[in-house]
Amino acid sequence: MPEFDAFAHLRQLADSRGGFCQELTNHVLAYLPGAGRRLVVTFDNLISAKTPGNRMPWGQDFLAAQGWDVLGVMVKQSDWFRQDDLFDLLEELRDAGFFAQFPAVTFYGASMGGYGAATFAGLAPGCTVVAFAPQSSLSAEIAPFEKRYRYARSQTDWTGRYADAAEGLRAAGRAYILYDPMEPTDSAHVARMTGPNVTLLPMRHSGHKLPPALMRMNILKPVIIPAIEGKLTPAAFHQLHRARRQSVPWLTGLLGNAEKRGHFGLGLRLADRLLAETPHAKLKAARRALRDAKIAARRQAQRSAQRAARRARLSSNQSTAASPAPENAPLGG
């Protein structure tokens with residue numbers, strides 16, 4: 001039986017719409033025309049290569065529904081787009097005026113795709129960038145704090161062109177970076193990517209996977225459409241983001257962070273208040289986890305105190321036994 005071709009349908013679709021689908025060693029570049037008003041260059045994320053069935057550019061259905069043209073930069077393996085043949089092809093498109101033909105261009109991606117969206121922004125100077133929790137680089141010299149993707153760091157070349165997304169991002173006219181400031185490594189990357197053209201949109205207690213978090217809050221489209229169009233304001237985002245307070249996954253994440261940081265009393269009081277309003281099973285489970293963690297921490301503290309007391313007594317006894325009797329001590333008679 002022949003091996004399933006995950007890109008066969010995409011090639012047919014691109015051909016039928018007057019686009020193109022070009023396959024490289026580790027990547028596929030697919031252009032699906034829209035109304036011609038805006039090109040969205042979309043980058044795969046870390047799990048895209050493992051997607052079963054027919055592959056499509058990341059976010060294709062949503063983007064096409066807005067009438068936007070889509071250029072999908074897709075991966076066969078998760079290599080952070082670090083291949084010279086991909087660089088060459090994207091630069092050939094730039095030099096041929098492909099990006100310049102559109103009134104507006106947006107680069108769009110999450111995590112690994114967020115790195116791609118930022119690092120390649122220089123292909124279309126003045127573009128808009130929308131990046132969720134992007135890495136700025138996996139170079140040990142540029143980002144020594146990054147410890148999560150050691151295999152990708154060791155297996156790919158992090159020198160030369162497009163190695164630092166912080167540099168690429170400077171070419172953007174406007175960039176939106178959505179991230180969770182409670183995630184230390186994500187925050188360290190974002191700190192390298194700030195600038196006058198960058199709007200930071202923090203999403204506390206949401207973790208690394210932010211598009212699903214927005215989807216669970218029912219605000220993915222209201223956030224992403226104006227962001228891709230370069231019209232999203234921080235005030236509008238924060239108003240939309242208030243919906244997190246009604247999102248059980250976000251609330252359980254908030255309680256989980258309280259547990260991780262040892263804020264057991266505060267977390268339990270919050271859990272009780274939330275349960276009074278929303279008696280959801282996941283909130284109940286989060287409260288039980290907080291209670292159990294508090295009990296375990298108290299027991300651990302008691303054991304530590306007992307061990308410290310035993311060591312102190314032992315040290316005191318040893319000191320007493322080792323102390324010599326005074327030379328002029330009177331003899332008992």
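**Exercise 1.** Find the strand that holds T199, then work out whether T199 is buried or exposed in this predicted model.

*Solution.* Start with the secondary structure: T199 sits in strand β8, which covers residues 198–202. Next, check the relative accessible area, which is 12% for T199. The cut-off for buried is under 20%, so T199 counts as buried. Finally, look at who is around: leaving out residues up to four places away in sequence, T199 touches R174, A175, Y176, I177 and P234.

**Exercise 2.** Describe how helices α11 and α12 pack: what is the angle between their axes, and which residues meet?

*Solution.* Two packed helices are described by the angle between their axes and the distance between the axes. Here, the axes of α11 (residues 248–260) and α12 (residues 264–277) come within 8 Å and cross at roughly 160 degrees. Angles over 145 degrees count as roughly antiparallel, so that's the label for α11 relative to α12. The handedness of this crossing is left-handed. Now for the contact itself: α11 brings L251, L254, L255, A258 and E259, and these meet F264, G267, L270, A271 and L274 of α12. Sort those residues by type and you get eight nonpolar, one polar and one charged.

**Exercise 3.** Which residues touch the most other members of the largest nonpolar core?

*Solution.* This core has 47 residues, and F99, F107 and V129 are the ones touching the most other members. Helix α3 (residues 84–95) supplies the largest share, five residues. Now zoom in on F107: beyond four places in sequence, its contacts include V41, F43, F99, F120 and V129.

Key:
Residues are numbered from 1 along each chain as its sequence is written. This is a predicted model: local features need pLDDT of at least 70, side-chain atom pairs count only at pLDDT 80 or more; totals for chains, interfaces and linings use all residues. Side-chain values use heavy atoms; hydrogens and water are left out. Helices (H or I, at least four residues) and strands (E, at least two) are DSSP runs, numbered from the N terminus. Buried means under 20% relative accessible area, exposed over 50%, partly exposed in between (1.4 Å probe, protein chains only). Contact means heavy atoms within 4.5 Å. Axes are lines fitted to C-alpha atoms, for helices over the stretch in contact, and angles run from 0 to 180 degrees between N-to-C directions. Angles under 35 degrees count as roughly parallel, over 145 as roughly antiparallel, 65 to 115 as roughly perpendicular and the rest as oblique. A crossing is left-handed if the near helix is turned anticlockwise from the far one by less than a right angle, and right-handed if clockwise. Ala, Val, Leu, Ile, Met, Phe, Trp, Tyr, Cys and Pro count as nonpolar, Asp, Glu, Lys and Arg as charged, and the others, Gly among them, as polar. A nonpolar core is a set of buried Ala, Val, Leu, Ile, Met, Phe, Trp, Tyr and Cys residues joined through side-chain atoms within 4.5 Å.
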